Amino acid sequence: MSTLATMPVIERGTATSRIAAMAVALIIALLAIAPQFLSAGSVDRMTALFIYVILAAMWNALAGFGGLVSVGQQVFFGLGAYFAIRLADAGLNPFLALFASGLVVGVVSIPLSLFMLRLRNGEFAIGMWVIAALTHLLVNLDRLVQGETGTSLISLNVYDAGTRRATIYWLALASMTALLAILFGLLRGSTGAAIRAIRDNEDAAASVGVRVTGTKRLLFVLAAFGIGIAGALWLATSITFQPKTYFNVQWTAYMIFMVLVGGIGTFEGAILGALVFFLIETWFGGTGVWYLVGLGATAVVFSLFLPRGLWGTIEERFGLRLLPVGYRVRLAAADDDVTPSPQQTTMHQEKA
Amino acid sequence: MSNQIIQGILLGGYYALIACGLSFMFSVMRIINLAHGSLAVFSAYALWWLASRYHVSPFVGLLIVLPLMAAIGWALQRFLLERSARGGALLPILTTFGLAIVIDNLLFEQFGADTRSLAPYIGSLSYDSWEWPGSIYVGKLAVMMFATAIVLLGGLQLFLTHTRLGRSIRATSEDPDTAGLVGVDARRANAIAAAIAMVTVGLAGAFLGMRATFDPYAGAPQLLFAFEAAVIGGAGSLWGTLIGGIVLALAQTLGAQVHPQGFLIGGHAVFLVVLFVRLSASGLGLRDLLRLGKTS
């Protein structure tokens, strides 16, 4: 008994996290039947929320877990919409085109990753911005797009407004759930340990045999694919495609805001950040310029004073973990008689 | 064609001007300031405001705006960059990006969406030109811009190699801890370097306003130009920045010849080609290529 009592116990979840997992399943089920009860406007807003969650989670995967801060992720958002237009124009069913477009964006990002991942930190950040600017200009050259005039996903018009709205809602919900599940599985699996090792110290990770570049490439391509899907879904909700709005750096600004506020490098943080952003947009989006000033200022304040974000701070303060992707070591946890000493609680500080 | 080449080379002077502050800050503090372009546009607006409101010539206005920019640079380093740099290499990117959004939108809030220019306030200088042999016309402003770039780059070079302060900045950029051991105040050196960088940004903003038009969101393209020129030419000396600026401008000029929308495409394309060749040829990180001020 005494040896067992001092044996460290490695936990992959807690009682809270098991409740949380059930709550997540319930929430998704409720969201799936929600269009029956919501007004048309609310359904559209919820669709936007799902897209924000995708954007935040994907940017977080890249920056929070891969250590790759990009200010050019709008390139994948724009390409997602553009390829959807192109594929639908070639005769593909418009709803199918949304997913095919995400796949194409993912494939395009593979050769790009070979090149861009050799840059580090700030160079990667602005390098991606240059890629986004160049891609925007090249898409403008396409006759179908007609420069900044843009075009629309006309083939969606064969569906009546109600069906279209509900279908896009479900597609967005399904995409969000699937992408979050992929990310969760990735982080919880063996790649997850490698990803967290890279996040904490890239050189040290490489020295113990972590395949740094391969792991980063995986995250880069996943983020491209997810953001491509998000761009295609956004196109489906707004129908019109103007390159200027889709290739706008504003999208990356939103992603950065959501992740910084929610908690960079935490799985739950990105989702929380997207929720916060969604609420702020709903309440203050009408104030125009001041709203954007506020977003920028909040990002600065969080990066300076609360770099772990809301969720990171909550997690640190209360040891709370709802969707655990990491491992947690508890000493003497098997012996109920031992009261936890301060030293033992510090063992909980392993980062997810 | 030779006319276009000369215009391109002179335009390169502007890119060198806007790039030198970016690469200077990067080489000293290892920070790429994403608010770089927005701050240049801020300087242009400050000069425009002085000129339109108080009829201050932009050249006189620089006497007010450049010290202001130096103060901004000092404050930026002390209150923002220093703190965020402690959180790792990624945080300053996010901090300065947030700052850029704040500056852009405050400018929009204050001055509206109209495009502005300083050209109306500098008399005939904006369109005066000299005729060179072979009926080539070169704008006086463009020549002035190019000359300013050379003087500024040369001055910075001399400052870094021949003054005590310059040497302490270089020492800090090499290794802040060791520099501290031999009595260099790294915080002070960094703050001064940021102030100097912002003065060059202020000058670049002035020329941006004189040679073209600007609007509140013009900062992002300026940042990209600065970054591209710094990377293309940044082979180890400040003069590389000038070469980088010229290459960028020539590529843009060539691009514009090929296609009506080819100006920007040409610039971005040459940047990526240079980057690709460099990365595959050297195996070095870009960090090593961007290093400046290590000429001695």
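Biologist: Which residues of chain A does UniProt list for "transmembrane region"?

Modeller: The unreviewed UniProt entry lists residues 20-38, 50-83, 95-117, 124-141, 168-187, 218-241, 253-280 and 289-311 of chain A. Such annotations may be inferred rather than shown by experiment, and positions follow the numbering used here. This is a predicted model, where local features need pLDDT of at least 70, side-chain atom pairs count only at pLDDT 80 or more, and totals for chains, interfaces and linings use all residues. Residues are numbered from 1 along each chain as its sequence is written, and chains are lettered from A.

Biologist: How much of the span 95-117 of chain A is helix?

Modeller: Helices are DSSP runs (H or I, at least four residues), and strands are E runs of at least two. Residues 95-117 of chain A are 96% helix and 0% strand, with end C-alpha atoms 32 Å apart. For residues 289-311 of chain A, the figures are 87% helix, 0% strand and 28 Å.

Biologist: Where is confidence lowest in chain A?

Modeller: pLDDT is the predictor's confidence in each residue, from 0 to 100. Where pLDDT is low, the predicted coordinates should not be read in detail. In chain A, helix α16 (residues 342-346) is lowest, at a mean of 39, and helix α4 (residues 74-89) is highest, at 94. The mean for chain A is 84.

Biologist: At what angle do α3(A) and α12(A) pack?

Modeller: Two packed helices are described by the angle between their axes and the distance between the axes. Helix α3 (residues 40-65) and helix α12 (residues 250-262) of chain A pack at about 75°, axes 9 Å apart. They are therefore roughly perpendicular (65 to 115 degrees).

Definitions and conventions: Axes fitted to C-alpha atoms, helices over the stretch in contact; angles between N-to-C directions. Parallel < 35°, antiparallel > 145°, perpendicular 65-115°, else oblique.
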